[in-house]
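Q: I have a structure open here and would like to talk it through. Can you help me read it step by step?

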Amino acid sequence: MSKGTKERAAARRIVEQQRAAEKRRAVTVWTSIAVVAVLLIAGVVGYGLYSSQKDDTASAATPPGAVDDGTAFASGDGPVTIDIYEDFMCPVCHEFETSSGATLKQLVTDKKVTVRYHPIAILDRYSNGTKYSTRAAAAAAAAGAAGKFAEYHQVLFDNQPEENSNGLDDAKLIDLGKSVGLTDAAFGDAVNSGKYESWATKVTETASAKGVTGTPTVLVNGRQLQNPTPAELEKAVG
Amino acid sequence: MARLGLAAVWIVAGGLKVTDLAASGRAVNAYQLMPYSAAQVVGAIQPFLEVALGLLLLVGLAVRLSAGISAVLLVIFMAGIVSAWARGLAIDCGCFSKGGALGAGQTPEYAWELARDTGFLVLAGILLWRPRTRVSMDGLLMGVAR
């Protein structure tokens, strides 16, 4: 083998190595661009879905009789305002209703307080995809529209389904309505058509925006009670 | 293996949240680190980013970059958990769920959540150090892996 061929072979190898290195660089650049593009597209898809969901709540039908910018139903007309945020699927809310319900009723009867119930839906994930929290809150809105919020609110907690069950179906929600005198077709239609479901979503969003992150959240004249018991309630109302 | 493990982590974490973006937004909001409207946007985008990152790692495209982004995200999540812990907030990290505040009687498990995230961070670290793995798009595109 002559010196010339050896040098040529070496030169060829260097060129090949450079080409390979160039190819790797190009692949790295293009794959990086692909990664950024995929992530951007994912972000845009997420944002798009978010915007479309937001539009839904913006056009939500507000049930007649709702107070606090149409996000709550009130009992009583006393000077002290009690805001209660509850999810109908929340066991601790059930406990709160059991322990403090009578006290609240008494305070309302004594004309000391106005209780504003905000039925929010943050526990939809506990009903096997049937969105019981949203459906129950929407049904409560339909009851409120017919002037029976307090009564219906009570039977919903009395009949609270287990977490991670399917929740109560729409037929059962309508039956419970009948048990408190919601016998006209308008209530049943509202439940079946999910008329106030986007309202329930809106109430939930409004509550979240106000910093409500769990249920039950109880505020007396805007101040949150860390441990809402009958004694604490009476103390806060004064 | 590290690649597929981290890919699974992202796909599962994102997939669980992608079905309810509003809840995901509430989970972000529970950290109380940003205004609710910003938390909603982050909550809506984040699950898709997680799934996309998982898929990229799964097929093995630009593994080093994907692993780097994974590491950055994990550090941000851990910072969020630490700050929630430091402020005494009682929340679910929302890592593999839609999170949110915990009910009375539930105690947060920040230490365990942080330990788990550290494990994921190690996976990302391994990939940063040795991004070349078998059966990946990178390998195919670049020719035989050396």
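Q: Okay, how many helices and strands are in chain A?
A: Chain A has eight helices and five strands, and please keep in mind that this is a predicted model.

Q: And what pattern do they follow along the sequence?
A: If you read along the sequence of chain A, the pattern is α-β-β-α-β-α-α-α-α-α-β-β-α.

Q: Changing topic, what radius of gyration does chain A have?
A: The value for chain A is 29 Å, whereas a compact globule of 238 residues would have one near 18 Å. Along the principal axes, the C-alpha atoms of chain A fill a box of roughly 115 × 45 × 30 Å.

Q: What share of its residues is buried?
A: Of the 238 residues in chain A, 40% are buried.

Q: Back to the helices: at what angle do α2 and α8 of chain A pack?
A: Helix α2 of chain A, residues 91–109, and helix α8 of chain A, residues 230–237, pack at an angle of about 25°, and their axes are 9 Å apart. Because angles under 35 degrees count as roughly parallel, α2(A) is roughly parallel to α8(A).

Q: Which residues make that contact?
A: From α2(A) the contact uses S99(A), S100(A), T103(A) and L107(A), while α8(A) contributes P230(A), L233(A), E234(A) and V237(A).

Q: And what classes do they fall into?
A: The contact of α2(A) with α8(A) has four nonpolar residues, three polar ones and one charged one.

Q: Last one: among contacts between residues at least 6 apart in sequence, what percentage join residues at least 24 apart?
A: In chain A, that percentage is 79%.

How values were computed: Residues are numbered from 1 along each chain as its sequence is written. Chains are lettered from A and ligands numbered from 1 in the order in which they are written. This is a predicted model: local features need pLDDT of at least 70, side-chain atom pairs count only at pLDDT 80 or more; totals for chains, interfaces and linings use all residues. Axes are lines fitted to C-alpha atoms, for helices over the stretch in contact, and angles run from 0 to 180 degrees between N-to-C directions. Helices (H or I, at least four residues) and strands (E, at least two) are DSSP runs, numbered from the N terminus. Angles under 35 degrees count as roughly parallel, over 145 as roughly antiparallel, 65 to 115 as roughly perpendicular and the rest as oblique. Two residues are in contact if their C-beta atoms, placed from the backbone, lie within 7 Å. Ala, Val, Leu, Ile, Met, Phe, Trp, Tyr, Cys and Pro count as nonpolar, Asp, Glu, Lys and Arg as charged, and the others, Gly among them, as polar. The radius of gyration is taken over C-alpha atoms; the globule rule is 2.2 Å times the number of residues to the power 0.38. A residue is buried if 20 or more other C-beta atoms lie within 10 Å of its own, exposed if 12 or fewer, and partly exposed in between; C-beta atoms are placed from the backbone.
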